[in-house]
Amino acid sequence: MKLYHFPPSPNSRRTLAVLDHLGLDCELVPIDLFRGEQMRPEFVALNPNHMIPTLVDGDFVLWESNAIMQYLCSKRPGNRLWPADPKTQADISRWQSWGLAHFGAACGVYIFERLVKKAIGQGDADPAEIAKGELRFHRFAKVLDGYLEGREWLCGDGVALADYSVGAPLCLTAIAGYPIEPYGEIRRWYAGIERLEPWRRSASPDSK
Ligand SMILES: N[C@@H](CCC(=O)N[C@@H](CS)C(=O)NCC(=O)O)C(=O)O
């Protein structure tokens, strides 16, 4: 397998963490988004969205980080990240969908305004965009914070794909400056993710 990735990206990191967690062999191919490498024709041929992460497994090409994570788990039957039980899978899938559509999208506003724009020379953050992001962030952070009360992990009693998916954007808290301070449960839960070796190693991955 080959995984095209860009190390600072939370979308990449969650797939890298799952590869590591499951101990799967995969060639890692860095795509430098800040240099526009995702626009190279050979990469666009794999992913017409010109986005990382993108996985190639023989003649099978898969994009979308959550789908990649689920597919990687299918290589290690019996793993705890994506257990076979249909209700547990549905619960994990619910949080992955929610993360992509709501919490992660709110974080994405901050990431784009405060990190990406600078990196690609589009100037400073737009306060009006940040204000819109802030409304969305608080709306969904309240839901996550409330849900995490009394829980160490989102689904069941161990780390699952849901934790890597929803937690990933929090790796950029210091740079993106999300208004995370009031959400003690989220901070506690994410500190637990930060203690996981596969997550830590995903910040500076080596090909295996
Ligand atoms: N929903 C996608 C989002 C992927 C995504 O947003 N990738 C960004 C980096 S974080 C990207 O490759 N952007 C390059 C571009 O838009 O040209 C996923 O979860 O994989």
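Visitor: In which loop is His50 found?

Guide: This is a predicted model. His50 is found in the loop between α2 and β3.

Visitor: What is the phi of His50?

Guide: As a general idea, most residues other than glycine have a negative phi, and most peptide bonds are trans. Here, phi of His50 is near 45°, a positive value in a residue other than glycine. With a relative accessibility of 32%, His50 counts as partly exposed.

Visitor: Which residues are joined by a cis peptide bond?

Guide: Ile52 and Pro53 are joined by a cis peptide bond, with omega about 0°. Pro53 lies in the loop between α2 (41-46) and β3 (54-57).

Visitor: What is the phi of Glu64, and where is Glu64 found?

Guide: Glu64 is not a glycine, yet its phi is positive, about 90°. Its place is the loop between β4 (60-63) and α3. Glu64 is partly exposed, because its relative accessible area is 41% and the class lies between 20% and 50%.

Visitor: Let us turn to domains. Which domains does the assignment give?

Guide: The domain assignment of the protein chain gives domain 1 (2-79) and domain 2 (86-198). Each domain brings 14 residues to the contact. Taken over C-alpha atoms, the centres of domain 1 and domain 2 are 20 Å apart.

Visitor: How much area is buried between domain 1 and domain 2?

Guide: The size of an interface is often given as the accessible area lost when the parts come together. Between domain 1 and domain 2 that area is about 1,400 Å², and carbon and sulfur atoms give 67% of it. Pro10, Arg14 and Phe34 supply 35% of the area that domain 1 buries against domain 2, more than any other three residues.

Visitor: How many salt bridges and polar contacts cross between the domains?

Guide: Five residue pairs are in polar contact between the two domains. On the side of domain 1 that touches domain 2, α1 (10-22) and α3 (65-73) each supply at least two residues. Helix α1 gives the most to that side, with seven residues. By class, that side of domain 1 has seven nonpolar, three polar and four charged residues.

How values were computed. Residues numbered from 1 in each chain as written. Predicted model: local features only at pLDDT ≥ 70, side-chain atom pairs only at ≥ 80, totals over all residues. Heavy atoms only, no water. Domains from an automatic or database assignment. Contact = heavy atoms within 4.5 Å. Buried area = accessible area lost by both parts, 1.4 Å probe. Polar contact = N/O pair within 3.5 Å; in protein donor to acceptor, adjacent residues only side chain to side chain. Helix = DSSP H or I, 4+ residues; strand = E, 2+ residues; numbered from the N terminus. Nonpolar A, V, L, I, M, F, W, Y, C, P; charged D, E, K, R; others polar. Buried < 20%, exposed > 50% of the residue type's maximum accessible area, 1.4 Å probe, protein only.
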